[in-house]
Amino acid sequence: MKDYLANDIRNVVLLGHSGAGKSTLIEASEYFTKAIERMGSAKEGNSTVDFDPEEIKRGMSVFTAIAPCEWKNKKINFIDTPGYLDYEGEMRSGLAVGDNALIVVSAKEGVESGTEKAYKLVNRRKMPTIFFVNKLDEEHASFDRTYNELRDKFGKAVIPFELPMVENGVVKGSINILRKKTWYYDDLSTAKDVPENYMPMVEEYYNQITEAIAMADDELMEKFFSGEQFDENEVAKGLRIGVRNGDIKPVYCGSASKCIGIERLLDLITEYFPNYAEKGTVVALDENNEEVILETNETEAFSAQVFKTIVDPFVGKISYIKVMSGVLTSDSSIYNSNKDQPEKVNQIYIIKGKNQIAVGKLFTGDIGAIVKLQYTNTNDTLATKAKPIHFEDIEFPLPMLGYAISPKTKADEDKMSFALQRILEEDKSLKFVKNNETHEQVLYAMGDQAFEVVKNKLKNKYKVEIDMKEPKVQYRETIRGKAEVQGKYKKQNGGAGQYGDVWIRFEYNPDDEGLVFAEEVFGGSVPRNFFPSVETGLRSCMDKGPLAGCKVVNVKATLYDGSYHPVDSKPNSFEAAARIAFKNGIPKANPMILEPIGKVSVVCPDEYTGDIIGDFNKRRGMIMDTGSTGESGETRIDAEVPMAEMMKYATELRSMTKGRGSYVIEFDRYEPAPPFVADKVIKAAKVDLEEE
């Protein structure tokens, strides 16, 4: 593959619902442009982009992959992304480096939740977008139904540029609206005239296109309203403007598995999608987080963003980058602005699926990889020491589904920790938390399938098997009443003994979550030098309450009396006495269980609002607010819900909304647990204690 400058590069991210045929469309494009000799598939294990064992096993994309091809002296970097919602992090990384979007839709299934998700993401980024209606050759496929769904969901900018030609219920060919020509599937190399019975429909859609073109430019609008026809150059001009500003979102159709419609789709991409250089400038931040404007050409200082990391056991760390400005050359020294560290570039690669092809240079707008960078991770910016800028981070989705994980054998503890560190480097939609309160290691992901991928990777790649279980809820304990108790510690073993005696008042304190220690000792019944020991003894008991062994909060303990022995009293004696007082006093002060309450914000289509509100009521939740998100047909629901009721909500919300809902939750406060919840927590704690 020859070197391509920014003007000749098209970065196209493929998005859509799982199973729509994104990877097959890339495979067909690679085959049609002779980048590969034969088409492969994930199920057969020979796909260009679905090559990971997890993808072969599932028969679908799990990770973002890059597949470049050359068409009419242009380079197209296809960025394949998974459509399944568990792998949204991979979708976001691919989306971040695409300049254009190709949303693939199944003509059998129509617009699905993955289609809507894809459109919402590209619309926010104002990316030029083409729809490709795939699988036209399959049974029960319907272009008309799918197109109408697209237009209903996404507006008048969605306009067909190609139509299927159907005879006796069978798709025989495709009609290109712009060229007003037909390609029959049994003779794809020859363009023929459009059959007469299709001409009214072709003219209707052609008029829609020309009307949209007219809106793109004042001169074109004037000519349109004067009734004049556009020539070929004017159509091309209007289309380029319309596609770039989002006023025109062409719909193409075909069958990726049979290479139908690929040639004209490639033409559309190279002719009407913008190249990266057309941006003119890109915004970065300097060391003081102030904006810096970079030109998107090869004469600008070098900068690149790392959008994906792979940790290969043989090659080492592979950093996928997009060159945002300038030129990267082999054997050069660069600078990691995020880590404030120099990096050495030994070799640069073009990525083609699982293969790395060595190149000497990577130009502005191109996508490639560098291996064995020492400090660099996903979201880091690579630049020059003279111009140490950084780009805003790719925004990855927050994982909400958590499992407590542990190695099946104690001997694998260190191995699991090492492996997880590598996996977390690769997948920024995972989060790992060591919970010191519950003594669990909790991994958070986007869904159960994402967990399966991690589990299999640990087993197959790092030889570590793990157990997974629902994480414990962080309940707390406090007191509602007051108790005054004595704690006395006396021990005699011959010679000097141990003696400590304290009287302590325990009471609820709403103003401070921790222990507040006070003293009201008169007459020196307990010498002042033992006060710190009493406090230390009390604090050592706060981690384990009497009801369920939960952390104790909101307690004030006042030392008001006691006694000491001039010889046998020592600091550790008063620590022990304080612990005795705590263990005797807290149960007498009307202890209770507190449960954590979370603030939840759900975003979903309007039609599911009632179902979600009803579901929150079943979860003991309280609706705080509902309103529009600002996007058409979408509602935001804010609620407060006990955290214990939300452990599997990521999976359950997806089921309720057919994958169209999303949510975030954060801890807000603790509240007294209802008796049935408190009883359940106490019983579970007793069972755990018996098992230990």
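Colleague: What percentage of the 692 residues in the protein is made up of buried residues?

Modeller: Buried residues make up 54% of them. Keep in mind that this is a predicted model. Buried means under 20% relative accessible area.

Colleague: How many helices and strands does the protein have?

Modeller: There are 16 helices and 37 strands. The C-alpha atoms fill a box of roughly 110 × 60 × 50 Å along the principal axes.

Colleague: Which strands pair with E17?

Modeller: One is E18, residues 341-345, which pairs with E17 in the antiparallel sense over five bridges. Tyr335 stands opposite Pro342 in E18. Another is E23, residues 381-383, also antiparallel to E17, over two bridges. There, Asn336 stands opposite Leu382.

Colleague: How many residues lie between E17 and E18 in their hairpin?

Modeller: Four residues lie between them. Look at Asp340 in that turn: its phi is positive, about 55 degrees.

Colleague: Where is His439 found?

Modeller: His439 is in the loop between strand E25 (431-435) and strand E26 (440-445). Its phi is positive too, about 60 degrees, and it is not a glycine. His439 is exposed, with a relative accessible area of 70%.

Colleague: Now charges. How many salt bridges does the structure hold?

Modeller: It holds 48. To read one, look for a side-chain nitrogen of Lys or Arg within 4 Å of a carboxyl oxygen of Asp or Glu. Then ask where the partners sit. Arg179 forms a salt bridge with Asp267, with the closest N and O atoms 3.1 Å apart. The pair links distant parts of the chain, 88 residues apart. Arg179 is in the loop between strands E8 (170-176) and E9 (181-184), while Asp267 is in helix H9 (residues 262-272).

Colleague: Is Asp267 buried or exposed?

Modeller: Asp267 is buried, at 4% relative accessible area.

Colleague: Which helices does the salt bridge between Lys461 and Glu426 link?

Modeller: Lys461 is in helix H11 (residues 448-462), and Glu426 is in helix H10 (residues 413-426). Their side chains meet at 3.6 Å, N to O. Lys461 is partly exposed at 29%, whereas Glu426 is buried at 11%.

Colleague: Which residues are linked in a network of salt bridges?

Modeller: Lys599, Glu640, Asp668, Arg669 and Glu671 are linked in this way.

Colleague: Which residues form a negative surface patch?

Modeller: Patch residues have over 30% relative accessible area and no salt bridge. Here the patch is formed by Asp218, Glu219, Glu222 and Glu228. Take Glu222 as the example. It sits in helix H7, residues 218-225.

Note on methods. Residues numbered from 1 in each chain as written. Predicted model: local features only at pLDDT ≥ 70, side-chain atom pairs only at ≥ 80, totals over all residues. Heavy atoms only, no water. Patch = residues over 30% accessible without salt bridge, like charges linked within 9 Å, V, L, I, M, F, W, Y side chains within 5 Å. Areas by Shrake-Rupley, 256 points an atom, 1.4 Å probe, with all protein chains shown as cover. Lys, Arg positive; Asp, Glu negative; His and termini not counted. Charge placed at Lys NZ, Arg CZ, Asp CG, Glu CD. Buried < 20%, exposed > 50% of the residue type's maximum accessible area, 1.4 Å probe, protein only. Pairing = 2+ DSSP bridges.
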